Amino acid sequence: MDVHLLVYDLSNGLARQMSMAMLGFQLDAIYHTSIELEGVEYVYDGGINTIQPGSSHLGRPLERLHLGNTELPIEVVLEYLDSMREIYTPQAYDLFRHNCNNFSNDFSTFMLGKGIPHHIANMPQAVLESPFGKMLQPQLAQMVEQRKAQHGGLLGIQQGQQQANGAAASSSTTVIEVANLDALNKALQSATSKSAIIFFTSVTCPPCKALYPLYNELAAEHGKDVVHIKVDISRAQDVAQQYTISATPTFRTFVHGKQQESWAGADAGRLRGTVKLLAGMAAGPSHPHRLLHLPHLSNPDSKPVLYSKVPPLPKLLSKLGPAANDAIVQSMKHFIEARGTDGPAMTTLPDLPAFSEFIANSLAELPQEALFAVVDLFRCGLIDPRLSGYYAEEHDQKTVIAILDAVNGKSECPYALRLVTLHLACNLFSSHLFADQILEQAPLRTAITQLISSSFLDDSHNNTRVAAASLLYNVAHENNHRRRQSKSLLPEDDQVELAASVLEAITQEESSSEALHGMLLALGLLAYCMPVEGELIDLLRTMNASGTIAAKKSHFPNESLIAEIGAELLGKGLAKR
C-alpha cells in the first residue's frame with residue numbers, strides 16, 4: 001500500500017518571498033501536511049479527519065511525496081489511527097508543538113519506520129527560534145485559539161467537510177471509507193468474526209448526507225461489534241458494478257462474513273434498529289456464565305494493567321555508564337520526560353529504529369546488572385500507544401522477543417531485570433495492536449507464557465508474582481474480550497498451560513494477598529464464558545479448581561474473589577448440565 005505525504009503551503013507563496021527579510025533564513029513554505037492512503041486523505045485539524053484528497057479549501061497540494069510502501073493491512077492501520085485519537089484531539093492542537101506535521105510524522109513512522117522530511121517536521125521550531133518568531137508567538141497563539149473556537153480547528157477542515165458532504169468526521173467514529181473493490185474486500189475480511197454494514201452513497205445524494213451524522217454516531221456506539229463501511233459509488237465504480245448498486249442510499253449487512261439483508265432508502269429508524277440487532281448477533285448466543293453473579297468479570301469496560309510510574313531518569317541512566325550519553329538514549333529520555341510534564345500531545349516520537357538497534361547492542365554488550373535500566377527505559381516509553389503500536393508491527397516483534405528471550409534464557413535472572421521485564425510486557429497492552437500480536441503470533445505468545453510461568457515460581461519476591469499475575473490478567477483480559485466478540489482466541493493448549501500454571505501458583509501462595517487477588521482475577525477471565533466442552537473446562541474439573549481456591553480462605557479470609565471465582569464461577573459454572 002503506497003503512502004503519500006500531501007504538502008500544502010498555508011502562506012500561498014508569501015513565505016518564499018518574505019521569509020529571508022522577516023525571519024533571517026529562507027523558508028519555502030508554511031507547511032501543512034497530511035497522509036494519503038488508498039484514495040483517502042488523513043489530516044489533523046479539529047481532531048483526526050478523513051477527506052477526499054485535495055478537497056479542502058486549501059485546494060491541490062503543493063507536492064505529493066511518495067514516502068514508501070507499507071505491508072500493513074488497512075484494518076491494522078485504521079486501528080492504530082483510532083489509538084491516536086486520544087492524543088490528537090481538537091483541544092490538543094498547538095500551532096508550533098502539536099500540529100498536522102506531528103500527526104503526519106507519527107503516522108508515517110508507524111507505517112514505514114521513518115517520519116516525514118526533516119525540513120517540514122522541524123519548520124515550527126526554526127520559526128520559533130528566530131527573533132521575529134518569538135515576537136509573534138503570543139499573537140499567533142491567540143489567533144489559533146480563536147480559530148479553534150469558531151471553526152473547530154485552525155483550518156476549518158472539519159467544518160468545511162460538513163458543508164461539502166453533510167457530515168462532520170467525528171473524532172470517535174470508526175467508519176471505514178473505501179475507494180475501490182479491493183479495499184472493500186479487505187474491510188469485510190476484517191469483519192468475518194463479527195457483523196458489518198455497508199453504506200453505499202454518492203456525492204449527489206441529499207438523503208445520504210442526511211444520514212451521515214447518524215451513521216457516524218452508530219459507528220462510535222457499536223464499532224466494537226459492527227464494522228461500519230462507507231462507499232461512494234461515484235468514485236468506486238468497480239464496487240457499484242460488483243454489488244449491482246443502482247440507487248443510493250443502499251445498505252447491506254453481514255454477520256460472520258455471510259450476507260444478511262439489503263435495502264434502499266433513507267430510513268433512519270430502520271438503520272438504527274438494524275445496527276443494534278447486528279451488534280447483538282455479533283456476540284453470538286448467550287453463555288450460562290452470564291447468568292451467574294460475577295461483578296469482577298462481567299464489566300465490559302475493564303482495562304489492562306499498565307505500569308506507568310516513571311523513576312528518576314538521570315539516576316536510572318547512570319546505571320548504563322557511557323552508554324547513557326548515546327543520542328538515542330537521551331532522545332528517549334526527553335520523550336518520556338516531556339510526555340510526563342507536557343502530556344502526550346506535546347511529544348514527538350524519537351527515532352525508533354535507532355532505539356531498537358541500541359537495545360539489540362545492549363543485550364549483546366552491556367553487563368547483566370545494567371540491562372534492567374535499558375528495559376525500564378523501554379518500559380516507560382511503551383506506555384504511549386504510538387510507541388507500543390510501532391513495536392507491535394515491527395517485523396517478527398524482534399526487539400520485544402529479544403528482551404523476553406534474554407530473561408527467559410537465564411537460569412538465575414536478577415530480580416530487578418525480571419520485574420521490569422514483566423512490567424514492560426504489561427505495557428505492551430497500551431496498544432490493542434500488541435494485544436492482537438501476543439494472542440496470534442506463536443513465538444511472542446510462547447515467550448510471554450514462559451515469562452509468566454517461571455515468574456510464578458519466585459517464592460522469594462512477592463512483587464514478581466504480583467507482576468506475573470498482572471501480565472496473565474492482561475492476556476486473559478484480551479482473550480476474554482475476543483471471546484465476547486466471537487473472534488479467534490488464544491490456542492486452547494496455551495489456555496490450558498496458563499490455567500494449570502496459575503492454579504499451581506494459587507495453591508502455593510501463602511504470603512501476598514495482592515498476588516492471590518491478581519491470580520484469581522486472571523484465572524477467572526481465562527475461564528469466563530469458556531466453551532462448555534473442551535480441554536480447558538476438563539482441566540479445571542480434573543484439578544478441582546473450585547476446591548483449590550476454597551482452601552485459600554483460611555490464609556486469606558478477606559479475599560472476596562475466593563467466593564466469586566471459586567464458588568460461583570468454578571463451582572456453579574463447572575457443574576455439568
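Mentor: Let's start with pLDDT, the predictor's confidence in each residue, from 0 to 100. This is a predicted model, where local features need pLDDT of at least 70, side-chain atom pairs count only at pLDDT 80 or more, and totals for chains, interfaces and linings use all residues. Residues are numbered from 1 along each chain as its sequence is written, and side-chain values use heavy atoms, with hydrogens and water left out.

Trainee: What is the mean pLDDT of the chain?

Mentor: The mean is 86, and 86% of the residues reach 70 or more. Confidence is lowest in helix α7 (residues 157-165), with a mean of 41, and highest in helix α18 (residues 415-427), at 97. Over residues 158-173 the pLDDT is below 50, though that stretch still has 35 contacts in the model beyond near neighbours in sequence. A contact here means heavy atoms within 4.5 Å. Where pLDDT is low, the predicted coordinates should not be read in detail.

Trainee: What makes something a helix or a strand here?

Mentor: Both are DSSP runs numbered from the N terminus: helices are H or I with at least four residues, strands are E with at least two. Two strands pair if DSSP finds at least two bridges between them.

Trainee: How do you know that β2 and β3 pair?

Mentor: Three bridges join β2 (residues 31-37) to β3 (residues 40-44), and the definition asks for at least two. The two strands run antiparallel, and E36 stands opposite E41 in β3. They belong to an open sheet of five strands in the order β4-β3-β2-β1-β5, with antiparallel pairing.

Trainee: Why are β4 and β5 called edges?

Mentor: β4 (48-51) and β5 (63-69) each have a single partner strand, so one side of each has no neighbour in the sheet. The twist averages 30° from one strand to the next.

Trainee: Which helix packs on that sheet?

Mentor: Helix α3 (residues 100-112) does, touching β1 (2-9), β2, β3, β4 and β5, and its direction makes about 35° with that of β2. Such angles run from 0 to 180 degrees between N-to-C directions, and axes are lines fitted to C-alpha atoms, for helices over the stretch in contact.

Trainee: Why is α14 called roughly antiparallel to α15?

Mentor: The axes of α14 (residues 352-365) and α15 (residues 368-381) come within 10 Å and cross at roughly 155°. Angles under 35 degrees count as roughly parallel, over 145 as roughly antiparallel, 65 to 115 as roughly perpendicular and the rest as oblique. So α14 is roughly antiparallel to α15.

Trainee: What is the handedness of the crossing of α14 and α15?

Mentor: That crossing is left-handed: the near helix is turned anticlockwise from the far one by less than a right angle, whereas clockwise would be right-handed.

Trainee: How do the residues of the contact of α14 with α15 divide into nonpolar, polar and charged?

Mentor: Eight are nonpolar, one is polar and none is charged. Ala, Val, Leu, Ile, Met, Phe, Trp, Tyr, Cys and Pro count as nonpolar, Asp, Glu, Lys and Arg as charged, and the others, Gly among them, as polar. Among the contact residues are F355 and S362 of α14 and V374 of α15.
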